[in-house]
Amino acid sequence: MGPKVSAKGGKPKGLKQASAAAKAALRGDNANKKRKVRTSTTFHRPKTLTLSRAPKYHRRSIPHEPRLDEHKIIVHPLNTESAMKKIEEHNTLVFIVDVKSNKAQIKQALKKLYEIDVVKINTLIRPDGRKKAYCKLTPDVDALDIAATKLALV
């Protein structure tokens, strides 16, 4: 069976579409492509798809203990003459603390260990490499009382 002939003329139906498709096939699909204008002199590799990691097993069996807990943060209270003067006159306790601890961690450790509310903490690193923390207590709490009862200094 050949192509259907229309009743009006003697040409087969869809000849125009077929010839257009044949021409397009000969030309190829690159005929209408424009060249990309490059604005930079350096070539950067294109970004490709980066998938999020989905590991099949944990690389560590259990997470490690906290590196700085309250017992590691506060090493010991200081009971030198100048520290005792601070306790009596300025309502301030003096502690030797871990070098890697910050003021917020020191404040939290004091709250946990000694149930002390601290107004302000000043820290310094001594010449021997240890960190010293001056802990100013709230006015309603007496530093001398805490030093005597909880720290056993006086």
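Trainee: What pattern does the chain follow along the sequence?
Mentor: Read from the start, this predicted model runs α-α-β-α-β-α-β-β-α. That gives five helices and four strands.

Trainee: How many of the residues are buried?
Mentor: Buried residues make up 22% of the 154. To count, a residue needs under 20% relative accessible area. The chain exposes about 13,400 Å². Carbon and sulfur atoms supply 54% of that area.

Trainee: Which charges does the chain carry on its side chains?
Mentor: There are 34 positive and 14 negative side chains. The centres of the two sets lie 35 Å apart.

Trainee: How many salt bridges does the structure hold?
Mentor: Four. Side chains of opposite charge can pair when their charged atoms come close.

Trainee: What makes Glu70 and Lys112 a salt bridge?
Mentor: Check the distance. Their closest N and O atoms are 3.8 Å apart. The cut-off is within 4 Å, so the pair qualifies.

Trainee: Which parts of the chain does the pair of Glu70 and Lys112 tie together?
Mentor: Glu70 lies in helix α2, residues 70-73. Lys112 lies in helix α4, residues 103-114. The pair therefore ties together parts that are 42 residues apart in sequence.

Trainee: Why is Lys112 called exposed?
Mentor: Lys112 has 57% relative accessibility. Exposed means over 50%. So Lys112 counts as exposed.

Trainee: What makes Glu115 and Lys150 a salt bridge?
Mentor: Again, compare with the cut-off of within 4 Å. Glu115 and Lys150 meet at 3.6 Å, N to O. This pair links distant parts of the chain, 35 residues apart. Glu115 sits in the loop between α4 and β3. Lys150 sits in the segment after α5.

Trainee: Are Glu115 and Lys150 exposed or partly exposed?
Mentor: Glu115 has 55%, which is over the 50% limit, so Glu115 counts as exposed.

Trainee: Why is Arg126 called partly exposed?
Mentor: Buried means under 20%. Arg126 has 21% relative accessibility, so Arg126 counts as partly exposed. The side chain of Arg126 also meets that of Asp128 in a salt bridge, at 2.8 Å, N to O.

Definitions and conventions. Residues are numbered from 1 along each chain as its sequence is written. This is a predicted model: local features need pLDDT of at least 70, side-chain atom pairs count only at pLDDT 80 or more; totals for chains, interfaces and linings use all residues. Side-chain values use heavy atoms; hydrogens and water are left out. Helices (H or I, at least four residues) and strands (E, at least two) are DSSP runs, numbered from the N terminus. Buried means under 20% relative accessible area, exposed over 50%, partly exposed in between (1.4 Å probe, protein chains only). Accessible areas come from the Shrake-Rupley method with a 1.4 Å probe; for residues, only the protein chains shown count as cover. Lys and Arg count as positive and Asp and Glu as negative; His and the chain ends are not counted. The place of a charge is taken as NZ of Lys, CZ of Arg, CG of Asp or CD of Glu.
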